[in-house]
Amino acid sequence: MSGLPTRQIPGVYHRRFGEFLVTGISDGYVEMGYNIFREFEPQDVDLMMARDHRVSPPRISVNCFLVRGPAGTVLIDCGSADKFGPTAGKLFENLEAAGVDPSEVDHVLLTHCHPDHSSGLADPKNGRRLFPNATVIANRKEIEHWFSDEEMASVDERKRLRYFGWTREQVEPYREKHLRLADDGEEVLPGIRLVECAGHTPGHSTWLIRSQGQQMIVWGDLAHVPEIQVARPEVSMSFDHDPDLAAKNRTALLARIFEEDMLVAGMHIHFPGFGWLVRESSGYRVATEQWNFEI
Ligand SMILES: [Zn+2]
């Protein structure tokens, strides 16, 4: 039979949050290998993924979040562009499907500089800013680290290209006039605050949105594989900058999110990426939000 669909319609999901409209926008997904985990055996990965009927080794969803309201038009993270093959790099087509032109974005907030989060800023061929009217806001520590020549000289070739090289390629076009550095705890825009959760990268950050007495946390890479790391926060990734610090800060922040009953928006929670933490024997689980027709 011809004419049947061979792919999904675009990945866009709107949600009201107090005075804001928050839109989960899919950048696609990436198939990973067992080697993404640090000191965690493939058979344990298989077991935990099977429990949630997930493929193993895991497929990692990549989401960005558009936040519109009192802070203007804000995009949190900007996906992987062409850095992760054909299943990722869908941000721009999905933004278009959502009826948003990149020129309308006032601010791009970064959770951190890794190629699945910060590759949509600029065209690598000519340095053109893909969000021509936006100011990028990022944790000062994150930018200082990736722009440090000394740090860059201390790592292997692969990291030098993928982390330092690609960050510079993407951020440099904004650096002089369109980049704002922020610190832990700072309210960078009305209702949006930087909450640092370092370890995965030196300045890995989450963005806490407050409106009308509610809290939402856009948690970046607090968990790459929620089925595993939310249940077992001590499990770190092989590409964590400081895996022990990442685990320690993840454990503490998960507890705070649970205690304060925050809505979670996760870059690597399966699309559309919203949910709440519920307690499980050893840790937590993400109870993903039901689909709502009315926004
Ligand atoms: Zn990531």
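A cavity is a set of points, on a 1 Å grid over the protein atoms alone, where a 1.4 Å probe fits but cannot get out. Grid points are joined across faces, edges and corners, and a volume is the space filled by probe spheres set on the points. The model is predicted: local features need pLDDT of at least 70, side-chain atom pairs count only at pLDDT 80 or more, and totals for chains, interfaces and linings use all residues. Residues are numbered from 1 along each chain as its sequence is written, and side-chain values use heavy atoms, with hydrogens and water left out.

The count is 1 cavity of 30 Å³ or more. The largest cavity holds about 60 Å³ of space. Its lining residues (an atom within 4 Å of a point) include Cys-197, His-200, Asp-221 and Arg-250.

Asp-221 is also a donor of the zinc ion. Donors are N, O and S atoms within 2.8 Å of the metal (3.2 Å for Na, K and Ca). Asp-116, His-117 and His-268 supply donors too, and the distances run from 2.0 to 2.7 Å. Along the chain the spacing is D-H-x103-D-x46-H. Asp-116 lies in the loop between β6 (107–109) and β7 (135–139), and His-268 in the loop between β14 (263–265) and β15 (274–279), so the pair ties together parts 152 residues apart in sequence. Strands are DSSP runs (E, at least two residues), numbered from the N terminus. Asp-116 is buried (under 20% relative accessible area) at 13%. His-268 is buried as well, at 2%.

Strand β15 contains Trp-276.

Methods
On a 1 Å grid over the protein atoms alone, a cavity is a set of points where a 1.4 Å probe fits but cannot get out, and a pocket is an open set with protein on both sides within 12 Å along at least five of seven lines; lining residues have an atom within 4 Å of a point. Helices (H or I, at least four residues) and strands (E, at least two) are DSSP runs, numbered from the N terminus. Buried means under 20% relative accessible area, exposed over 50%, partly exposed in between (1.4 Å probe, protein chains only).
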